[in-house]
Amino acid sequence: MQPQIFDTAAIPAPERFGLWLEMLARTPTLMRVRTEHADNFEARAEFLELGPMQLIRHRYPSLHGTRNRKLISRSEADCYLLALTLVGTGIADQDGQRGVCPPGDLTFYDCARPQELIHHIDGDRSAASIVALIPYDALPLPHRRLTPLFASRMSGREGVGALLADYLIRITGHPEQYHAADAERLGGVALDLVATLLGRHLVSEDAVPTEVRRRALLSQVQAYVRQHLGDATLDPGTIADAHHISVRSLHRLFEAEETTVAAYIRDERLARCRRDLADPALVSRPIQLIAGRWGFRDKAHFSRAFRAAQAETPQAYRTRHLERARIVNSAASEVNPARTD
């Protein structure tokens, strides 16, 4: 996926702030902005479309923005905004509520209501955030139920909030690693996580559809598995305990995925082993050390699992891929020979 990038660095300093305001005027976040850095407003915005939602990764100097009903009437405002503070302190005010968000926290508000935003950082450094613009009908939650959450502070360092924050950071940080054809599905995962996070902060989670909660919990479990692949004791029991559910509920969670918990763990471990075996930088590392790093402590078990999945031994797989890398590198060297002068 390729983001659309807006960067004031390419234009003369006196014109930067005005151009930034023109860019804002074309978005649902149109605001009246004040800043002490108007004479040299170095800012960057990267826009990424994920199905019905849009992600924007911002970097800008400290600023103070207000959005009144007149400005709202001049923009397409039928959407929510979820903001993750990356650098600096973000402060959001709406409907008499205020959320003060240090780095790692999230806030949420309605673009169709007046709001005030302050994003501050000391000195000449840049503040940074990730913003998700979400159409009303993309969230399976009643609009009226969400009012208590507007301008509230939600942690992005634990539970679903941490999973959502990490997801937004990874996608906007390296969009080139994902295919454009995956945008709709990636957006669906993000929306499930947002809906579940908001549901956790409501008085009751009943407003969140069961299937949305299931998919969000599945994302949590899968992230947990990927983080603990090197632990040889990782099994359905430890995973269920970590998520405060029964082993039976964990198995039911994977039924719709047409796999089992054990198979998911095995496949993720094998994927990491394949990656390392094909890495020329790891050519001197013994195969058993690679297997052990990803949770395969038994050599015979690893060999059987690998051959069943790849129809060849780990050594044959490594030799084939390293030879391919050698040929590619040799060809590149012939086309672009090193200069000796």
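The model is a predicted one. It has one cavity of 30 Å³ or more, and its largest pocket holds about 1,200 Å³ of space.

**Nonpolar core**
- The largest nonpolar core has 40 residues, and L82, F108, I134, L139 and L198 touch the most other members.
- Elements giving two or more residues to this core include the strands β3 (44-50) and β4 (53-60) and the helices α4 (159-173) and α6 (210-227).
- Helix α5 makes the largest contribution to this core, with nine residues.
- Beyond its neighbours within four places in sequence, L198 is in contact with F108, L139, L141, L146, L149 and M154.

**Largest cavity**
- The volume of the largest cavity is about 340 Å³.
- Its lining consists of 26 residues, with Y60, Y109, L117, S129 and V131 nearest the centre.
- By class, this cavity lining has 17 nonpolar, eight polar and one charged residue.
- Among the elements that each supply at least two residues of the cavity lining are α1 (13-25), β4, β6 and β9.

**Largest pocket**
- About 1,200 Å³ of space lies in the largest pocket, and of its 33 lining residues, Y167, S219, Q222, A223 and R226 are closest to the centre.
- Helix α6 gives the largest share of this lining, 10 residues.
- The lining of the largest pocket has 13 nonpolar, seven polar and 13 charged residues.

**Second largest pocket**
- This pocket has about 370 Å³ of space, and the closest to its centre of its 18 lining residues are R26, T27, P28, Q54 and L133.
- Strand β11 gives the most to this lining, with three residues.
- The lining of the second largest pocket divides into 10 nonpolar, four polar and four charged residues.

Notes: Residues numbered from 1 in each chain as written. Predicted model: local features only at pLDDT ≥ 70, side-chain atom pairs only at ≥ 80, totals over all residues. Heavy atoms only, no water. Core = buried A, V, L, I, M, F, W, Y, C linked by side-chain atoms within 4.5 Å. Buried < 20%, exposed > 50% of the residue type's maximum accessible area, 1.4 Å probe, protein only. Helix = DSSP H or I, 4+ residues; strand = E, 2+ residues; numbered from the N terminus. Contact = heavy atoms within 4.5 Å. 1 Å grid on protein atoms, 1.4 Å probe; cavity = no way out; pocket = protein on both sides within 12 Å on 5 of 7 lines; lining within 4 Å. Points joined across faces, edges and corners; volume = space filled by probe spheres on them. Nonpolar A, V, L, I, M, F, W, Y, C, P; charged D, E, K, R; others polar.
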